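User: Hi! I'd like a close look at one part of this protein, with the rest as background.

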Amino acid sequence: FAVCIALLASIIAFFCTQRIPFQQTTQHTMGKFKYPEARRDESVVEDYHGTKVTDPYRWLEEPDAEETKKFVDAQNEISEPFIKACPIRDQINERITQVWN
């Protein structure tokens with residue numbers, strides 16, 4: 001679920017940056033920010049028919065874990081002001097509501 005929220009925020013941010021005036025406004029109000037670092041856990045390795053595949057972010061698949069919640073909260077601190085400033089946010093919200101309902 002947390003990954004879905006982050007993906008949704010990315011989609012909204014993409015649509016919002018398509019409008020030049022908004023892009024110029026957010027550059028002045030948002031400034032620079034430090035994206036939260038996700039811990040890499042190299043100990044998780046799956047074997048798919050003899051091919052070893054590491055999954056260093058498997059820990060993010062547990063939405064109720066405190067570490068995942070903290071990471072998502074840190075992402076939201078960055079993305080929420082940007083999303084709230086989007087001039088077409090209500091239109092996107094209405095469309096998503098239509099699709100999900």
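Where is the place of H49?

Analyst: H49 sits in the loop between β1 (45-48) and β2 (51-54), strands being DSSP runs of E, at least two residues, and helices runs of H or I, at least four residues, both numbered from the N terminus. This is a predicted model, in which local features need pLDDT of at least 70, side-chain atom pairs count only at pLDDT 80 or more, and totals for chains, interfaces and linings use all residues. Residues are numbered from 1 along each chain as its sequence is written, and side-chain values use heavy atoms, with hydrogens and water left out.

H49 is not a glycine, yet has a positive phi of about 55°. Most residues other than glycine have a negative phi. With 85% relative accessibility, H49 is exposed (over 50% relative accessible area; buried is under 20%, partly exposed in between, with a 1.4 Å probe and protein chains only).

For contrast, T68 lies in helix α3 and is buried, at a relative accessible area of 1%. A polar atom of the T68 side chain is 3.1 Å from the backbone oxygen of W59. Other buried residues of α3 include F71, V72 and Q75.

As for confidence, the protein averages a pLDDT (the predictor's confidence in each residue, from 0 to 100) of 81, and 70% of the residues score at least 70. Residues 22-28 have pLDDT below 50, and this stretch has 9 contacts (heavy atoms within 4.5 Å) beyond near neighbours in sequence. Where pLDDT is low, the predicted coordinates should not be read in detail.

Note on methods. Polar contact = N/O pair within 3.5 Å; in protein donor to acceptor, adjacent residues only side chain to side chain.
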